[in-house]
Amino acid sequence: MCGIVGAVSERDVQGILLEGLRRLEYRGYDSAGMAVINGGPHAQRARELGKVSALAEAVEANPLNGHLGIAHTRWATHGEPSQLNAHPHMSGDGLAIVHNGIIENYQELRDELKADGFEFTSQTDTEVVAHLIQKNYREQGSLYDAVKSAIPRLRGAYALAVVHADEPDHLVVCREGSPLVIGVGIGENFIASDQLALLPVTDRFMFLEEGDIADIRKDRIEIHDREGTPVERETNRFEHGADSAEKGEYRHFMLKEIYEQPKVIKATMEGRVTDSRVLEQALGTEAANLLDNVRHVQIIACGTSYHAGMVARYWIEELAGVPCSVEVASEFRYRKHVIQPDTLFLCISQSGETADTLAALRQAKKAGFRAALAICNVPGSSLVRESDLVIMTQAGPEIGVASTKAFTTQLTALLIFTLALARHNGLSAEREADIVSALHQVPGQVSDILALNGGIEEMSRAFMDKFHSLFLGRGSQFPVAMEGALKLKEISYIHAEAYPAGELKHGPLALVDSEMPVVTVAPNNDLVEKLKSNLEEVRARGGELFVFADKSAGVKAEEGVHVMQLPPVHEITAPIVYTVPLQLLSYHVAVLKGTDVDQPRNLAKSVTVE
Ligand code: F6R
């Protein structure tokens, strides 16, 4: 959600902090701020409502010089977006703090600190932590000790970075429930909520574990775990190249990420499939034993990742014959479950830091599931570290808030997993070879769809003045329709609902008129004839149809029926391929409407709070 960056260096840190914030802006963008220590008695601070560019203008006019600093880009939880609620928060003139997460017991702490004479200038939970640490500092005289003794008083999820003007050579950070990474430099060190923020200054990263507290100096990093034991955390190199977080020639990250799909789908297959079969050893040394014993799969995820899980359910039941349930994490974690014996718990998450997904995983680990498998895009994330088995998607950094390449690589990884599971459950070598061969064709088919971009852009004009839309699909294309509707609503702000096409006459048909565009995905499978009847139902009510159909499916363009003919695709891999035109459609509608495509209102990329 919020983005945090910090630096301690020989050089001025303002530029490093600003560039870090620009790269973190996808995490939150309602206000931004920074505090810099320059050896004087006060921390210098700048905060601005709005985007990082507003802060950049402010500090260009009035620079904050110094070798130690912290900065923040906010996604409001407690208190409206405003300059007063923007981070860093301060206590006195010297202590400054940035925070990602939520302090649940902030009201109780606030009352206590008010009674101690602290004055509050914001509505945030973060300012409470600033005063709590300041109170400890006055008693203990050491910033590290002050943070350490504040931690047991905090309930909730947080990543914190704290500096004090009286201790101008270090920052203290800690995490519990929100991500924090240390960037290791030469004669300088950094912290951030995401390694992408620090790629211009380092490619070496240490991921803090839950409960860790770290003292970061320019030439030394000391980490203690929850028990107070000194610990070493492994240093990893960032593998994707520093420019993977740049827009390059593209107007938006979302468009760049849509166009990267042929490459990253291929990368997700690499080393995991031969020409004709899945290499299950590539799923981990434990995979064979596990797959032999799985009798049920429980998939948990949120948003787009949940839609990937819904597609996987069709595959797992059809190819492996193993029962599969899919649920959104925020529902799963708050209800009682009947757990079938030998159930594999499968979490899907791009970021690996989604609070609800992690909470569900932590519950599941206590609840008697056979094992926890993660499909994730961020190495070193909490989900990856806490799961028994991991299949990494190879999407590379996804910056656009609307998920695109993460989804299609999740589907690729899920299909590979399904085939491995299916082989243990009687899938024939011929059928496996047929599907693996279809999977190898997907990158090329996605490129063919990208070549239709101009036509899809043309189609998108019809949505410009619409307020509502309906997305229809059948079978494994129903989750594709759901994903299409989610994309459209989140970036164009047009209300979009997805329905299984067969449900149309059970209610939503009442909504259909000429003002309600109806988008449909129609690969040529055994449901296409039924789907065509559903389309007739829409036409008969004056609804305008936008159909993405297999060339051979026989869906004809006519008045009120716009058809985009797609190349033939294997019915198992069709959900991956058919997602792409819907991504492009949403993208173009949003561009035409002039919305902020990469940072849509009210949203943030990584939902690390409940
Ligand atoms: C939609 C979108 C969100 C995420 C959801 C889960 O475009 O990006 O719906 O899919 O917040 O995030 P992860 O996959 O990081 O757990």
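Which residues in helix 13 meet which residues in helix 18? In this predicted model, local features need pLDDT of at least 70 and side-chain atom pairs count only at pLDDT 80 or more, whereas totals for chains, interfaces and linings use all residues. Residues are numbered from 1 along each chain as its sequence is written, and side-chain values use heavy atoms, with hydrogens and water left out.

Phe407, Thr408, Leu411 and Thr412 in helix 13 meet Pro575, Ile576, Thr579 and Gln583 in helix 18, where contact means heavy atoms within 4.5 Å. By class, this contact has 4 nonpolar, 4 polar and no charged residues (Ala, Val, Leu, Ile, Met, Phe, Trp, Tyr, Cys and Pro count as nonpolar, Asp, Glu, Lys and Arg as charged, and the others, Gly among them, as polar). The axes, which are lines fitted to C-alpha atoms over the stretch in contact, with angles from 0 to 180 degrees between N-to-C directions, come within 10 Å and cross at roughly 175° for helix 13 (residues 405–423) and helix 18 (residues 574–593). Helices are DSSP runs of H or I with at least four residues, numbered from the N terminus. Helix 13 and helix 18 are therefore roughly antiparallel to each other, a term for angles over 145 degrees.

Helix 1 (residues 14–24) and helix 2 (residues 52–61) pack at an angle of about 165°, with their axes 10 Å apart, which makes helix 1 roughly antiparallel to helix 2. Gln14, Leu18, Leu21 and Arg22 in helix 1 meet Val52, Leu55, Ala56 and Val59 in helix 2, and the contact has 6 nonpolar, 1 polar and 1 charged residues.

Terms used:
Helix = DSSP H or I, 4+ residues; strand = E, 2+ residues; numbered from the N terminus. Parallel < 35°, antiparallel > 145°, perpendicular 65-115°, else oblique.
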